[in-house]
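User: Can you walk me through a structure? I'm new to this.
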Amino acid sequence: MSQTKVTYNYNLDEYELAEVQQGDLAKLLELCRKNMKDPDEKLVERAFKLTYLSHDGITRASGEPYYLHPLAVAEIIAEEIGMDDVSVAAALLHDTVEDTDITLKDIEQEFGPVVMQLIDGLTKISGVFKSKNVKQAETFMKLLMYMAEDLRVVLIKFADRLHNMRTIHHLPRKKQLSIATETIELYAPFAHRFGLYKIKSELEDLCFKATDPTGYKFIARKLRDKKESREEFIDVFMEPIREQLERSGFNFEIKGRPKHIYSIYKKMMRQQKPFEEIYDLFAIRIILDEPHTKEDCWRVYSFITDSYTPIPERFRDFVSVPKANGYRSLHTTVITNRGRKVEVQIRTRHMDEIAEKGLAAHWKYKEGAEQQGKEAGLDKFVDWVREVLDNPRPDAATEFVEDFQLNLYSREIYVFTPNGELRTLPQGSTPIDFAFDIHSEIGERAIAAKVNGKMVPLRNKLSSGDQVEIITGKVSNLNPDWINDVVTHKARSRIRQYIRQEERKVSDDGREMWEKKAERYNFELSDQDLAKIANKLEFPSIQAMFFAIGSDSYDVNRLVKAVRSFLSKGRFEGEEEEKAAQKDDKKTEVYDDRIIGDAQTANKQMLTMDGNLDNIKYSFSKCCNPIPGDDVVGYISRNGGLKIHRTNCNNLKHLIKTEPEYIVDVSWSKKSGNQFIGAIKIIGEDRVGLINDISNMISTTLKTNMKSINVSSDTGAFEGTIILYVDDLKHLENVIKRVMKIDGIKQAYRYE
Ligand code: MN
């Protein structure tokens, strides 16, 4: 540590704030008074003064004084998450120990041990994020660990990230993309699991806006255009129900907000449908104020079904059986007399608060005896996290994150044991998952399952309401193929462990085969040398090499040859040959876009990087086919050339994570002259001469070259893909606009 450290010399009680900062503080205190009982105002004031003084003279990327960031985080904590005064103080101080001369000891002396511990946790988390070599998986684990210690640490971290995402446009493009990727992969799933619905939605929207600004603006504009007709529809729809609620003396509120932009986008992608065809853009929510209870939710449900016909399959009762993140609500979808489906959610004010604020609301209500047991789902989740953390395996981090993310987002099903005990499992679970969920030994010995009294294969998917009985044998029946039939972490990790044990056996065989040869030829080789050779032969480890030998996929004599050449010359004579021979053997997948895209090479200068790209060779990646006008970045490939990707490209996401230092900002220069590949999807009614009309329009009227046109028609409906050469995004959009006008075409849109 630095020895010339300035000693702490602030006198917080006597320091007088200037007028502007007094105003900032007053606003924050007002929020505290509004959102918490008896906040310790002195504590908040002192924390505010210290953050202001310690960050003095520092500015953010936006040019604003730095203290406005911790202040904004504290406001989110007080108002949007609704936490306590201690959390507000910790939010104010969250960057002090890391970025200024203030030490944890100073914090403890000024604010006591609780605030100090929160800051300690926050500083550690942020250290984890900043260290370059740390894998995301480990970050995730650490995040979980701090969460298990004090939930407030993670909630403040969420607020910090939320404010950073809200102000992300001030950062360079490359930084934006890597922060957005991390946010969508780490923070959003966590927020979802904690039931922080509002924060999760906003984080997702902000990430979407950062990575795909065009897509974001497109949906946002469509939603705005439809706002009025949507509100009108909700008014008309709710009229009979509103009347009945009022007549029966209910205190209630009706909300009809659209779903968030990213979720609409995901739906469009998943169903491969244009915006116009996404029907459930919003849900109507009826919130019952005190003193209404859950029984009243059922009364409201009956009011709704008096006026409209419900669709029984869409009914969900999360009131009696809450989701694992504590969410409770009644969901029903009804049909209007015009045939339109509308989703209605019914809940009490308290349930609504849990739905929007999740963990935070839980934390807040925890003390209340009345709420005992109601958010049991969350406690179960925290228990699960603890259980996982209690049995850490160093190599398991990545696997763990995969499972974890799977579990974070999955929908749930509810199944029963033979005794009628309820178990919650992720959707897609099989009897194998169920068996492991009961006990790992039952999972290992499972040989068959009875679902609702009937024998079914172990790999059949379960549905809500199933009663499941596992039939076990006397010894382990564990099958490595099961890895493809399970979704729960517990089942996966046990099966993986088994697979690893089996692999060990095979590689022990391989080692034995090698050792026999080594003895015969009298090779003297250290393990280190062997590792070098394995590496040269492109195996990730000695273990992997022996596995290949043991499983007969690599001839041990080739290793002998390599070793011989290594020992005699100290280098690899037949190296090239070895490599060539090996290429045929290897069945590993390659995720490198250097191999995916043998992209068209551009000759003319149409991109700029810091105003200049003169001496750099660049090409456009085939995975996302960027065209001028698209939001793009460059990736420096291993041969030194630059590969241009669209910012919303899936391959790029991988690269940003693994090689962020090779991503550079580029932008389109004004003039180009090159042509690019673009694709359009068209859907419509089939008629004679339609294809002719389309190709005429494109090639004759629009003077655009088509590469291919592919159509299929089925009972009058018509679907097709056109691939064509375009100058830029505008050109493509123009073609789409004109194609839309052709008689019979119902939709036309860019096809990725
Ligand atoms: Mn911060």
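This is a predicted model: local features need pLDDT of at least 70, side-chain atom pairs count only at pLDDT 80 or more; totals for chains, interfaces and linings use all residues.

User: Which residues does a cis peptide bond join?
Analyst: E290 and P291, with omega about 0°. P291 sits in the loop between β2 (284-288) and α15 (294-307). Helices (H or I, at least four residues) and strands (E, at least two) are DSSP runs, numbered from the N terminus.

User: What about phi of N452?
Analyst: Phi is near 50° there, a positive value, and N452 is not a glycine. N452 lies in the loop between β9 (446-451) and β10 (454-456).

User: New topic. What is the strand order in the open sheet of four strands?
Analyst: β13-β15-β14-β16, with mixed pairing. Two strands pair if DSSP finds at least two bridges between them. The edge strands are β13 (618-620) and β16 (663-665), each pairing on one side only.

User: How many bridges join β14 to β15?
Analyst: Five, and these strands, 632-636 and 642-646, run antiparallel. V633 in β14 faces H645 in β15.

User: Which helix packs on the sheet?
Analyst: Helix α28 (650-658), which touches β14, β15 and β16. Contact means heavy atoms within 4.5 Å. The direction of α28 makes about 120° with that of β15. Axes are lines fitted to C-alpha atoms, for helices over the stretch in contact, and angles run from 0 to 180 degrees between N-to-C directions.

Notes. Residues are numbered from 1 along each chain as its sequence is written. Side-chain values use heavy atoms; hydrogens and water are left out.
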